[in-house]
Each structure stands twice: as C-alpha cells, then as structure tokens.
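Please look over the sequence and the model before reading on.

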Amino acid sequence: MILFSQDLPRAAAFYARLGFTETFRVPTEGEPIHLDLALDGYKLGIASVASTRDDHGLDPVPEGQRAAVILWTDDTTAAFAELTASGAPALASPHKWLDRLLIAWTADPDGNPIQIVQHL
C-alpha cells in the first residue's frame with residue numbers, strides 16, 4: 001500500500017513514533033519524495049503528492065479517508081490514549097466489535113484512518 005502525503009517528513013515522523021522503520025528512500029539523501037516503512041512485517045509506502053503528479057502523471061487525492069492502516073496491538077486503550085495525547089485525532093474511542101475485538105480509530109497527519117485493534 002502507498003499513501004500519498006503533502007508533507008512526507010511529517011508523515012514519516014508520525015509512523016516512526018508508531019514503531020515503523022525506514023527500509024527504502026528516494027532520494028537516498030535529503031528530503032524524500034518516497035519512503036517505504038516496515039513494522040513487524042507490515043510494509044507501508046508513503047509518496048509525496050507533488051512527485052506522484054510530476055513524475056508519474058497521476059492525480060492522487062492527498063487527504064481524507066482513502067484507505068485505512070490497520071495496526072494490531074496487545075492494548076488498544078493504551079495505544080489510542082498515547083496517540084491522541086500526542087495530537088492524533090480521536091475518530092472513535094475504544095469499543096468492542098463482534099464480541100471478540102477491541103477497536104479504536106485515529107488518523108495520521110494526512111487524514112488516513114488508523115484502526116488500532118486487539119483480540120479480547
């Protein structure tokens with residue numbers, strides 16, 4: 001999955017706080033136009049809107065709920081509290097779903113929803 005961002009360094013810093021590490025960068029030095037990140041085998045790409053338009057001729061939608069990032073945790077309530085305390089929006093507080101999952105929703109700086117989920 002590749003997310004589009006108007007501010008790639010800001011998006012990268014947000015995902016780094018979640019524990020993602022950089023695995024690929026273009027260009028290799030300076031401000032990136034594309035990054036690949038990984039967390040426990042989960043891979044995520046982030047591309048700049050400008051580069052996607054200029055280099056590839058696409059017209060990405062730079063904000064809103066276009067895709068969701070799903071992150072599993074052992075403690076949804078604590079992860080949600082930590083993210084919202086650091087400025088991420090609270091889209092939906094932790095709640096039971098299907099009587100077997102605890103789910104909360106927040107979003108990254110570009111508005112992509114992030115579901116934080118755990119087994120009950």
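A polar contact is a pair of N or O atoms within 3.5 Å; within protein, one of the two must be able to donate a hydrogen and the other to accept it. The model described here is a predicted one. In it, Asp75 caps the N-terminal end of helix H3, with a side-chain oxygen 3.3 Å from the backbone nitrogen of Thr77.

**Helix H3**

Helix H3 spans residues 76-85, and its buried residues are Thr76, Phe80 and Leu83. These residues lie on the same side of H3, because they cover an arc of only 70° around the axis. An α-helix has 3.6 residues a turn, so residues three or four places apart point the same way. The face of H3 turned away from the buried side carries the exposed residues Glu82 and Ala85. Among the elements that cover the buried residues of H3 are helix H1 (8-17) and the strands S6, S7 and S8. After H3 comes Gly87, which has a positive phi, near 110°.

**The open sheet**

Strands S6, S7 and S8 also belong to an open sheet of 4 strands, ordered S5-S8-S7-S6, with mixed pairing. Its edge strands are S5 (69-72) and S6 (92-97), each of which pairs on one side only. From one strand to the next, the twist averages 25°.

| Strands | Sense | Bridges | Residues opposite each other |
| S5 and S8 | parallel | 4 bridges | Leu71 and Ile116 |

Strand S8 is mostly covered, since 6 of its 7 residues are buried.

**Ser48 in strand S4**

A further strand, S4, consists of residues 42-48 and contains Ser48. Is Ser48 buried or exposed? Ser48 has a relative accessible area of 12%. Buried means under 20% relative accessible area, and Ser48 is therefore buried. When its neighbours within four places in sequence are left aside, Ser48 is in contact with Ser5, Leu8 and Ile33.

Terms used. Residues are numbered from 1 along each chain as its sequence is written. This is a predicted model: local features need pLDDT of at least 70, side-chain atom pairs count only at pLDDT 80 or more; totals for chains, interfaces and linings use all residues. Side-chain values use heavy atoms; hydrogens and water are left out. Two strands pair if DSSP finds at least two bridges between them. Helices (H or I, at least four residues) and strands (E, at least two) are DSSP runs, numbered from the N terminus. Axes are lines fitted to C-alpha atoms, for helices over the stretch in contact, and angles run from 0 to 180 degrees between N-to-C directions. Buried means under 20% relative accessible area, exposed over 50%, partly exposed in between (1.4 Å probe, protein chains only). The arc is that of the directions from the helix axis to the C-beta atoms. Contact means heavy atoms within 4.5 Å.
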